[in-house]
Amino acid sequence: MENIRKGNNLSVRRKINKTNLREWTTAYLFLAPMLVFFIGFVVYPMLKGIYISFFDYSLRNFKFVGLDNYISLINDKIFIKSLLNTLILVIGNVPVVILISLFVSANIYKKSPVVRSLFRGIFYLPTVCSVVSITVVWGWIYHPNFGILNYLTSLFGFQPIGWLGDPKYALGCMIAVLVTLSVGQPIILYVAALGNVPESYLEAAEIDGAKPWQVFRHITWPLLMPTTLYIIIITTINSFQCFSIIQLLTAGGPSYATSTVMYMVYERAFTLNKYGLSSAMGVVLAIVIMIISIIQFKFFGDEVDY
Amino acid sequence: MKFFKKYTLREIIFMALVVLLSVIFMFPFYWIATGAFKPQNVTVQIPPEWWPKNPTLQNFKQLSESPLLHWTLNSFIISLGTMLIVCTVATMAGFVLAKKVFPGRNLIFWSLIVAMALPKQVVMIPLFTILSKLDWINTYQALILPAAGWPFGVFLMKQFSQGIPGELLEAAKIDGCTELRSFWSIVIPMVKPGVGALAIFTFINAWNDYFMQLIIIRSEKMMTLPLGVALLQQEFTTNYGVIMAGAALASLPMIIVFIIFQKYFTQGITMGAVKG
């Protein structure tokens with residue numbers, strides 16, 4: 001009965017008559033500005049990006065080359081290295097972000113609103129502040145001679161390290177900065193999600209004699225799963241796009257130890273003017289990100305209990 | 001909860017860890033703020049001065065020789081412009097997508113979802129070539145208008161518009177209210193918190209969109225504050241006092257905006273996460 005009524009309703013609404021036509025026109029008038037920008041600056045460029053990835057496109061050339069750009073990428077050692085670096089950056093960043101943000105949120109969400117906002121604010125500050133400001137201060141902190149990090153490690157008897165100049169440490173240094181830039185939003189989301197966990201569940205578990213860790217593992221964690229999934233996906237996408245800190249701190253060096261795909265896209269496109277090749281890189285990166293997002297969805301999606 | 005009262009020691013240790021983490025997170029800001037007032041020779045001295053013993057305004061004086069005011073103004077123009085246009089466009093579209101039934105609605109909705117899931121990289125280079133064909137390189141509009149195409153704002157506003165009671169809109173219509181009028185006097189007041197959240201988000205994102213600014217801006221006069229600070233880093237290499245003074249000035253407006261509007265922020269982030 002309910003279905004039939006709904007169906008009737010819809011068919012009535014879809015009928016073409018004067019009132020409906022007016023309604024539809026207004027709807028499109030309201031949508032028009034958004035559609036113009038969306039099609040002009042997102043949809044069209046996206047399709048064009050895929051299109052020009054099949055061309056030898058630079059300042060002078062525009063020649064169809066088929067899959068040549070993609071083939072040369074597979075054979076490009078620097079590209080493979082950058083892709084690997086990008087993956088390491090993601091794999092290094094995401095779990096640490098989840099761990100820190102969950103730990104901080106679990107400890108602050110029951111505190112008074114003032115304390116809660118204070119901590120939330122502290123951890124969100126690096127995200128809000130200009131990335132450039134944060135990055136230049138890290139450049140100073142990491143400096144082999146004038147940086148405070150080597151001074152601090154020397155207090156514990158360690159030899160000074162050329163943090164950003166040493167291929168062994170440079171990528172790790174990038175991950176550390178990236179972590180500080182990434183935890184802000186997850187903490188806000190986790191604090192909100194933890195506040196929605198029904199108190200009665202926790203109390204019931206307490207009466208049954210469950211230890212705090214068990215309560216967390218069997219009640220809180222499963223209930224947080226949708227939030228965790230969302231955080232994993234956005235953090236993964238953001239880490240894949242990591243660019244500013246690389247460009248400002250190491251410019252991809254030393255010897256491509258910190259070069260990421262995003263940095264390479266920038267370098268190839270805007271210093272070497274190889275637009276076709278860079279677009280191919282962009283497409284490859286987009287495909288990698290999409291595959292990983294789908295895997296994450298499949299893998300964690302099973303555990304999500306809506 | 002009484003539950004955790006039994007675990008005070010554990011709670012104390014955990015809380016201490018949280019405080020330690022916040023100290024680590026705050027340290028770069030502390031280092032910027034104090035570094036800005038240290039003379040050049042002190043910034044490179046080891047062991048470092050934890051607190052500037054002889055604070056100086058020298059760095060800011062040196063900074064004032066660069067077109068700092070211009071950069072600040074440019075950043076404000078771009079961020080405010082982006083904010084205004086994104087809020088207008090997204091509020092209108094979000095309301096219609098949440099409250100109206102019309103052919104093509106699902107198609108538009110799903111294209112927005114797909115576009116949001118796709119990473120920006122595929123768009124960057126073609127967007128750049130399009131903008132240079134329009135002869136918009138090194139202009140404000142090249143940074144402002146493309147930002148209005150990103151679907152996040154539309155989503156956020158759709159979330160907020162969903163809460164508007166349909167009966168209210170129907171009643172207004174029966175009373176002879178035009179669509180524009182009821183949008184203005186019913187919809188807008190009801191989605192105000194959403195617009196607030198979106199406004200702050202957009203402002204801060206525009207201010208910090210270093211990549212786009214880097215590829216679009218070509219002259220020192222058109223530079224934004226983040227680009228300016230990056231330039232300072234190149235020019236002054238290890239004159240950290242001046243660089244920190246610049247970094248402080250570039251992030252101060254954002255810190256102020258954030259502290260004033262923290263409530264909207266939290267609301268916007270949590271609402272935006274609820275997919276629908």
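The model is a predicted one, in which local features need pLDDT of at least 70 and side-chain atom pairs count only at pLDDT 80 or more, while totals for chains, interfaces and linings use all residues. Residues are numbered from 1 along each chain as its sequence is written, and chains are lettered from A and ligands numbered from 1 in the order in which they are written.

Back to that helix pair. Axes here are lines fitted to C-alpha atoms, for helices over the stretch in contact, and angles run from 0 to 180 degrees between N-to-C directions. Helices are DSSP runs of H or I with at least four residues, strands are runs of E with at least two, and both are numbered from the N terminus. The crossing of α4(A) past α2(B) is left-handed, a word used if the near helix is turned anticlockwise from the far one by less than a right angle, with right-handed used if clockwise. On the α4(A) side the contact is made by I100(A), V104(A), N107(A) and I108(A), and on the α2(B) side by F14(B), M15(B), V18(B) and L21(B). Two residues are in contact if their C-beta atoms, placed from the backbone, lie within 7 Å. Sorted by class, the contact of α4(A) with α2(B) has seven nonpolar residues, one polar and no charged. Nonpolar takes in Ala, Val, Leu, Ile, Met, Phe, Trp, Tyr, Cys and Pro, charged takes in Asp, Glu, Lys and Arg, and the others, Gly among them, count as polar.

Another pair across the two chains is helix α6 of chain A (residues 131-141) with helix α14 of chain B (residues 225-236), packed at an angle of about 20 degrees with axes 9 Å apart. That angle makes α6(A) roughly parallel to α14(B). Here too the crossing of α6(A) past α14(B) is left-handed. V132(A), S133(A), V136(A) and G139(A) of α6(A) meet P226(B), V229(B), A230(B) and Q233(B) of α14(B). This contact of α6(A) with α14(B) holds five nonpolar and three polar residues, and no charged ones.

Taken whole, the contact between the chains uses 76 residues of chain A and 77 residues of chain B. Helix α2 of chain A (residues 18-52) gives the largest share of the chain A side, 20 residues. By class, that side of chain A has 55 nonpolar, 17 polar and four charged residues.

Within chain A, helix α9 (residues 184-195) and helix α11 (residues 212-240) have axes that come within 10 Å and cross at roughly 170 degrees. This makes α9(A) roughly antiparallel to α11(A). From α9(A), P186(A), L189(A), Y190(A) and A193(A) meet L224(A), T227(A), Y230(A), I231(A) and T235(A) in α11(A). Seven nonpolar and two polar residues make up the contact of α9(A) with α11(A), with no charged ones.

Now for the domains, whose bounds come from an automatic or database domain assignment. Chain A is assigned domain 1 (2-40) and domain 2 (69-301), and the C-alpha centres of these two domains of chain A lie 42 Å apart. Chain B is split into domain 1 (2-61) and domain 2 (69-273), with 32 Å between their C-alpha centres. In chain B, eleven residues of domain 1 are in contact with nine residues of domain 2. The largest share of the domain 1 side, three residues, comes from α2(B). That side of domain 1 of chain B has six nonpolar, four polar and one charged residues.

UniProt positions follow the numbering used here, with feature names shortened, and its annotations may be inferred rather than shown by experiment. An unreviewed UniProt entry annotates residues 83-296 of chain A as "domain: ABC transmembrane type-1"; this span is 77% helix and 0% strand, and its end C-alpha atoms lie 19 Å apart. For chain B, an unreviewed UniProt entry puts "domain: ABC transmembrane type-1" at residues 72-261, a span with 77% helix, 0% strand and end C-alpha atoms 21 Å apart.

Methods: Parallel < 35°, antiparallel > 145°, perpendicular 65-115°, else oblique.
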